[in-house]
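Keep the model in view while reading.

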Amino acid sequence: MVPNDRGSQAGYTLLSDHPIIVDDLSAETRFQGPDLLIEHQVRSGMSVIIGNKNEPFGILGAHTKKHRTFTDDDVNFLQAMANMLAGAIDRSQTEETLVTKDREIRQTYIDVFAAVTGGKLVVLSKEELLENIGRPLGKAFALAFYEDLASARAQLRKEMDESFSRDVDKQEMTTAAGEAMANAIKHSGSGQVRAFKSNGSVQVMIEDAGPGIDFSLLPKATLMAGFSTKQTLGIGFTIMLELCDRLMLSTQPGDTTVVLEMSAGHP
Ligand SMILES: Nc1ncnc2c1ncn2[C@@H]1O[C@H](COP(=O)(O)OP(=O)(O)O)[C@@H](O)[C@H]1O
Ligand SMILES: [Mg+2]
């Protein structure tokens, strides 16, 4: 922090609306030391404001221990550098504001999803999603064609039979997973499926490397029955949310992951 007073060259620069050139610091009368420059035995120097005078970012200065007369060209060069710096700071501050705004909007969406679905629809990052995954029941299997759906369902069914009693409604889970698997094929062209067991719950994870769901479309895509970007029924998410205890979703271009969860002892 530079106090904008006459106690230093930097402070005095902040008070002026033009660059300050010092020919000989020891003979200076416009501002007083002691300051950093005197401690460093500075003799000559120049300083300019970074940014505009009303809201300056700071001061840029160049100083020498030997006597030197700084010319208009020198000052203009220093001011040009300060202006470039100010531009860069300004851009990065604008960007930061946008990123913060975007994050706030996303968080609001996420809170609303949870609120209107009674906590069933959990939208999160892939990292967070993976923290909520249990141990795998079998290998991951690939989906590329609609014809793969029947065998994928059968495979899921078999893995659930091996690890869960009839406490888990496997029929409902298979139906819900079928919707997410169909989405991976329909909206991304391919995907993969894997089942997990977590604290007595069964989890089915469906991943694809497609375009993802645009955040601005996410409320309609997940919560509005009949909404589809592909002129199909648009009830996949409605069915999944109806049948499962929890649906975790992380989506971004190149990675959409849906995890359907159903606890044992499901009514
Ligand atoms: N894996 C996915 N990748 C990209 N977009 C998806 C994916 N799953 C769903 N969507 C988007 O969500 C919308 C709603 O999905 P859904 O309720 O299953 O309806 P439908 O599949 O009939 O369009 C889709 O139209 C699509 O825009
Ligand atoms: Mg669908």
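Strand E7 and strand E8 (residues 201-208) pair in the antiparallel sense over 7 bridges. The model that shows this is predicted. Ser 198 stands opposite Ser 201 in E8. The hairpin of E7 and E8 has 2 residues between the strands. Asn 199 in this hairpin takes a positive phi near 45 degrees.

E7 has other antiparallel partners too. Strand E5 (residues 135-136) pairs with E7 (residues 191-198). Here Arg 135 has Lys 197 in E7 as its bridge partner. Strand E6 (residues 141-143) also pairs with E7. Leu 143 stands opposite Gly 191 in E7.

| Strand pair | Bridges |
|---|---|
| E5 and E7 | 2 bridges |
| E6 and E7 | 3 bridges |
| E7 and E8 | 7 bridges |
| E1 and E2 | 3 bridges |

Now to the sheet that contains E1. Its 3 strands run in the order E1-E2-E3, and the sheet is open, with antiparallel pairing. Strand E1 (20-22) and strand E3 (58-64) are the edge strands, each pairing on one side only. Neighbouring strands are turned by 15 degrees against each other on average, direction ignored. Strand E2 covers residues 44-50. Ile 21 has Met 46 in E2 as its bridge partner. Helix H3 (residues 72-116) packs on this sheet and touches E1, E2 and E3. The direction of H3 makes about 35 degrees with that of E2.

Last, the domains. The domain assignment gives domain 1 (9-90) and domain 2 (117-263). Their centres, taken over C-alpha atoms, are separated by 62 Å.

Note on methods. Residues are numbered from 1 along each chain as its sequence is written. Chains are lettered from A and ligands numbered from 1 in the order in which they are written. This is a predicted model: local features need pLDDT of at least 70, side-chain atom pairs count only at pLDDT 80 or more; totals for chains, interfaces and linings use all residues. Two strands pair if DSSP finds at least two bridges between them. Helices (H or I, at least four residues) and strands (E, at least two) are DSSP runs, numbered from the N terminus. Axes are lines fitted to C-alpha atoms, for helices over the stretch in contact, and angles run from 0 to 180 degrees between N-to-C directions. Two residues are in contact if their C-beta atoms, placed from the backbone, lie within 7 Å. Domain bounds come from an automatic or database domain assignment.
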